[in-house]
Amino acid sequence: MSDIKQLEQEASSLRRTALVGVAVSFTATLVCVIAAPMLYNYMQHMQSVMQSEVDFCRSRANGDNGADGETGAPGGCDHCPPPRTAPGY
C-alpha cells in the first residue's frame, strides 16, 4: 500500500514539474515572438533617424540651400566636423 502512495506522490510531483516547464517554455516563446519584431523595428527606426541626420549634415557641409534658403556654413551644422580638404588647397 505504501508503494502505491509513493508512486502517486511521485506522479503528482512530476505533473507539477511538467506544468511549470510547459508554462516557462510557453512564456519564453511568447516573449521571443513579441520581442524579436519589436527589437527589429527599433533598430530599423534608429537606422532611419541616423541616416536622416547624416544626410542633413552632408547637405549643410556641402553648402546646399536648406529649406529656409540659407547656405550652409563652412563647418556644416553645429554637431558635424568641418569638411576635409586635400593638402595644399
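This is a predicted model: local features need pLDDT of at least 70, side-chain atom pairs count only at pLDDT 80 or more; totals for chains, interfaces and linings use all residues.
Colleague: How far apart are the end C-alpha atoms of helix 1?

Modeller: The secondary structure of the protein chain comes to one helix and zero strands. Helix 1 has 60 residues, so at 1.5 Å a residue it should span 88 Å. The distance in the model agrees with this, the end C-alpha atoms being 86 Å apart.

Colleague: Is leucine 30 buried, partly exposed or exposed, and what is its relative accessible area?

Modeller: Leucine 30 lies in helix 1, which runs over residues 2-61. Buried would require under 20% relative accessible area and exposed over 50%. Leucine 30 falls in between and is therefore partly exposed, with a relative accessible area of 43%.

Colleague: Which residues make the nonpolar surface patch of about 530 Å²?

Modeller: The protein chain exposes about 7,900 Å², and carbon and sulfur atoms supply 63% of that area. Of its 89 residues, 6% count as buried. The nonpolar patch is made by Phe26, Leu30, Val33, Ile34 and Met38.

Note on methods
Residues are numbered from 1 along each chain as its sequence is written. Side-chain values use heavy atoms; hydrogens and water are left out. Patches are made of residues with over 30% relative accessible area and no salt bridge: like charges are joined within 9 Å, nonpolar side chains (Val, Leu, Ile, Met, Phe, Trp, Tyr) within 5 Å. Accessible areas come from the Shrake-Rupley method with a 1.4 Å probe; for residues, only the protein chains shown count as cover. A salt bridge is a side-chain nitrogen of Lys or Arg within 4 Å of a carboxyl oxygen of Asp or Glu. Helices (H or I, at least four residues) and strands (E, at least two) are DSSP runs, numbered from the N terminus. Buried means under 20% relative accessible area, exposed over 50%, partly exposed in between (1.4 Å probe, protein chains only). The expected span of a helix is 1.5 Å times one less than its number of residues.
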